[in-house]
Amino acid sequence: MTEVLVGTRKGLFVLDGQPGSTFDITARFFEGETVDYAMRDPRSGRVFAAVTSPFYGPRIWYADDLSGEWEPARGVALPKGGDDALRRIWVIAPADEGTTLWAGGDPGVLFESRDDGATWALNRALWEHPTRPQWRPDSGGLSVHSIAPWPGHPERLAIGISAAGIWLTDDGGATWRHGNAGIVADYLPEDARAGAIDLCVHHLERAPAQPERLFMQFHGGVYRSDDAGETWTDIAAGLPSNFGFPVVVDPADPDSAYVIPVTAGDRVVPDGRVLVWETRDAGATWTPHGEGLPQEDAYLQVLRQAFAGTGEGRDLELYFGANSGEVFGSGDAGQTWSTVARRLPPIASVRADRRA
Amino acid sequence: MAIVRLRGPLEKLAGGPEHECEGTTVSEVLQALEREHTALEGWILDERGVIRRHINVFVSAEPATADTAVGTDDRIEILPAISGG
């Protein structure tokens, strides 16, 4: 049985089912509120939801049992009395062991919890970074939306910020430095690109089997880093568009990545066809997979948090949700697909967890 | 002291619908409410101390802002705004 947590404009949907079948909607929470992200921590089993209430603001909620009560986490806020307020939580990421989690949000903030997500503290080094006055939001805000922990080394993190580039820490967030070398922002004038920090990262994923390797979907470019995010190489050649939002990797194969390109202009899948593109050679070549996916008259978009996997290798399951309210899934590492759910509200996030 | 009336999740967080709070303005009263009921922190006022955009405040049935004066006999209602889609 696989559990898929789907964050939508109108609440959190819990789907349960077997790969290759239509899943059952087994629960819905936070009706009427935007659930920007939801995930189950594989260590504790605790489920987290980043909810932006139209009335009461953004908040992280958690539940140890989906048949029980949700609790609001404490400390997910900016310093009181300042000039800004938290607008949204974009992502929640656990370390691979222990009780540490991180959460990223808008305006360009990172929170850390050391007690399984019950209480959180703002990362002051990033909040007070001297370059912050130069950071610029994109249309979605100034967002820490990608957090890539390093397995076995919780002090090493890479994060992605729209639109302030890639940031790296080797000391648990006490200090931060850029990891932007090689990224080309073709939305800037050519003579303004060198050293630019207003870099619109769309999503970042680390290959856990080779942690020095990262894949990144950029605002015009798909990139790979082989040196832990210090430098980047464009690997978009062969894709129908270098624009898109999510990236997923097969945890067993550091040469693997999956992307769902959309056109840069209208940001829907090209030619009315939904295709997931896979590389198994670190981006040298790309293979499209569309069997079981809509292949005509499709004009949907998949957001950066709305594509996820569970398992690995041949048993890798993949799931993605669209702004059309459909969820598609694959039980064979993306070779074939089926519709898992339809007619949900516009989907912001999808996370999957194979359950015993 | 003025009485603050809460509904929905705010009522649950504060442990009841009505609360007496000190203050001469809406802002002062809401800050006092937060101090008395820390679980409400961030729900009505954001980190800047600003009333959240889609929360409406009424003082004795009149629409109010953070600076509206509050008397000891006033009743302050906190309501979600008409919004959404």
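This is a predicted model: local features need pLDDT of at least 70, side-chain atom pairs count only at pLDDT 80 or more; totals for chains, interfaces and linings use all residues.
Strands here are DSSP runs of at least two residues, numbered from the N terminus.

Most residues other than glycine have a negative phi. Is A:Phe30 buried or exposed? It counts as buried, because there are 21 C-beta neighbours inside 10 Å, and the cut-off for buried is 20 or more.

A:Ala333 is buried, since 23 other C-beta atoms lie within 10 Å.

Now the core. A:Phe30 is one of the residues touched by A:Ala49, leaving aside residues up to four places away in sequence; the others are A:Leu12, A:Val35, A:Ala38, A:Trp61 and A:Phe29. A:Ala49 in turn is among the residues with the most contacts inside the largest nonpolar core, a group that also includes A:Val4, A:Ile60 and A:Val350. That core has 103 residues. Which element gives the most to it? Strand 5 of chain A, residues 47–53, with five residues. There is also a second, separate core of 22 residues, and among its members are A:Tyr56, B:Leu6, B:Leu10 and B:Val26.

That brings in chain B. The contact between the chains takes 13 residues from chain A and 14 residues from chain B. On the chain A side, the residues touching chain B are eight nonpolar, three polar and two charged. In chain B itself, I picked out B:Arg35, which lies in helix 2 (residues 26–36). B:Arg35 counts as exposed because it has 12 C-beta neighbours inside 10 Å.

Strand 12 of chain A pairs with strand 13 (residues 153–162) of chain A in the antiparallel sense, over seven bridges. Within that pair, A:Ser146 stands opposite A:Gly160. The two strands form a hairpin with two residues between them, and there A:Gly152 takes a positive phi near 80 degrees.

A:Ser162 and A:Ala163 are joined by a cis peptide bond, with omega about 0 degrees. A:Ala163 is in the loop between strand 13 and strand 14 (165–169) of chain A. Another cis peptide bond joins A:Asp106 and A:Pro107, where omega is about 20 degrees. A:Pro107 is in the loop between strand 9 (101–106) and strand 10 (109–113) of chain A. Most peptide bonds are trans.

Last, one sheet. Four strands of chain A make an open sheet in the order 20-21-22-23, with antiparallel pairing. Which strands are at the edges? Strand 20 (244–248) and strand 23 (287–289) of chain A, each pairing on one side only. From one strand to the next, the twist averages 30 degrees. Strand 20 of chain A is joined to strand 21 (residues 257–261) of chain A by three bridges, and A:Val247 has A:Val259 as its bridge partner in strand 21.

Definitions and conventions: Residues are numbered from 1 along each chain as its sequence is written. Chains are lettered from A and ligands numbered from 1 in the order in which they are written. A nonpolar core is a set of buried Ala, Val, Leu, Ile, Met, Phe, Trp, Tyr and Cys residues joined through C-beta atoms within 7 Å. Two residues are in contact if their C-beta atoms, placed from the backbone, lie within 7 Å. Ala, Val, Leu, Ile, Met, Phe, Trp, Tyr, Cys and Pro count as nonpolar, Asp, Glu, Lys and Arg as charged, and the others, Gly among them, as polar. Two strands pair if DSSP finds at least two bridges between them. Axes are lines fitted to C-alpha atoms, for helices over the stretch in contact, and angles run from 0 to 180 degrees between N-to-C directions.
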